[in-house]
Amino acid sequence: MAYADQKMSSSRVIAIIIVALLHAVLGYAFVTGLAFNVVKKVAADMDVFDVEEPPPPEEEPPPPPPKQDVPPPPVVTPPPIVRTNTPPPPQIQQVNRPPPPSPPQVEKPAPPPPPPPKPGIAKKAVQRSGSISDDDYPSAAQRAGDAGSTTVNYTIGADGKVSTCEIRKSSGSGSLDDQTCKLIRSRFRFKPAEDATGNKLSESRTQTVTWRLPKD
């Protein structure tokens, strides 16, 4: 056996012996109660401490979007200014004109002379015949119970007869009004009116006829 092998063997033997002694001491200590103190002391020496985890790395902000090249706006060339020769506005001169001449005054023709007045009636017409009585009461008006007064205007001609008859105020019954004018024209006769020289003239008169229902 070589010298190196002998030296290694003796070292191994010594290590084994030391380990055996340590085991013997520990076993004794456990048996005698020294092990508890040793364990307590070892535990006291081993202080518990919190292990702080390192903070997570901060997230880096996302990179900005790439800048897009925006084409510049087209250059607009303004249209050229066209200058025109604008004549100045005409100047209005105020001319004081004389007022227009007034229209010639036309003389109005003189009105025609009024017709000559009719010769005055010297003598009025005189009634010769004709009258209206209750016997002339219209049967239709009598059956309807109509009554009242009818006022008429009538004209006596130059021949003494009644030429026209008009209702001036109605009695309220058409049959009584018509009967009044009918009887005056057919029955009444006059001596016509005369002027101062004896000429026959027409004359107008107003007369009221009152119609009363006949008593039974």
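Is Y154 buried or exposed, and what is its relative accessible area? In this predicted model, Y154 is buried, with a relative accessible area of 2%, where buried denotes under 20% relative accessible area, exposed over 50%, and partly exposed the range in between, as computed with a 1.4 Å probe on protein chains only. Residues are numbered from 1 along each chain as its sequence is written, and side-chain values use heavy atoms, with hydrogens and water left out. Because the model is predicted, local features need a pLDDT of at least 70 and side-chain atom pairs count only at pLDDT 80 or more, whereas totals for chains, interfaces and linings use all residues.

The pLDDT, which is the predictor's confidence in each residue on a scale from 0 to 100, averages 77 over the protein, and 69% of the residues score at least 70.

When neighbours within four places in sequence are left aside, I184 is in contact with I132, V152, Y154 and V162. In soluble globular proteins, nonpolar side chains tend to be buried together.

The structure holds four aromatic pairs, a pair being rings of Phe, Tyr or Trp (its six-membered ring) with centres within 6.5 Å, and planes under 30 degrees apart counting as stacked, over 60 as edge-to-face and the rest as tilted. The ring centres of Y154 and F188 lie 6.3 Å apart with the planes at 80°, so this pair is edge-to-face; the pair links distant parts of the chain, with Y154 in strand β3 and F188 in the loop between α4 and β5, 34 residues apart. F188 is itself buried, with a relative accessible area of 3%. The rings of F188 and F190 are likewise edge-to-face, since their centres are 6.3 Å apart and their planes stand at 70°. F190 is also buried, and Y154, F188 and F190 form one aromatic cluster.

In helix α4, T180 is buried, with a relative accessible area of 0%. A polar atom of the T180 side chain lies 2.8 Å from the backbone oxygen of L176. Beyond its neighbours within four places in sequence, T180 is in contact with I132, T150, V152, V209 and W211.

Three strands form an open sheet in the order β1-β6-β7, with antiparallel pairing, two strands being paired if DSSP finds at least two bridges between them. β1 (121–123) and β7 (200–201) are the edge strands, each pairing on one side only. Strand β6 (residues 193–195) pairs with β7 over two bridges in the antiparallel sense, and L201 in β7 is the bridge partner of A193.

Definitions and conventions
Contact means heavy atoms within 4.5 Å. Helices (H or I, at least four residues) and strands (E, at least two) are DSSP runs, numbered from the N terminus. A polar contact is a pair of N or O atoms within 3.5 Å; within protein, one must be able to donate a hydrogen and the other to accept it, and residues adjacent in sequence count only if both atoms are side-chain atoms.
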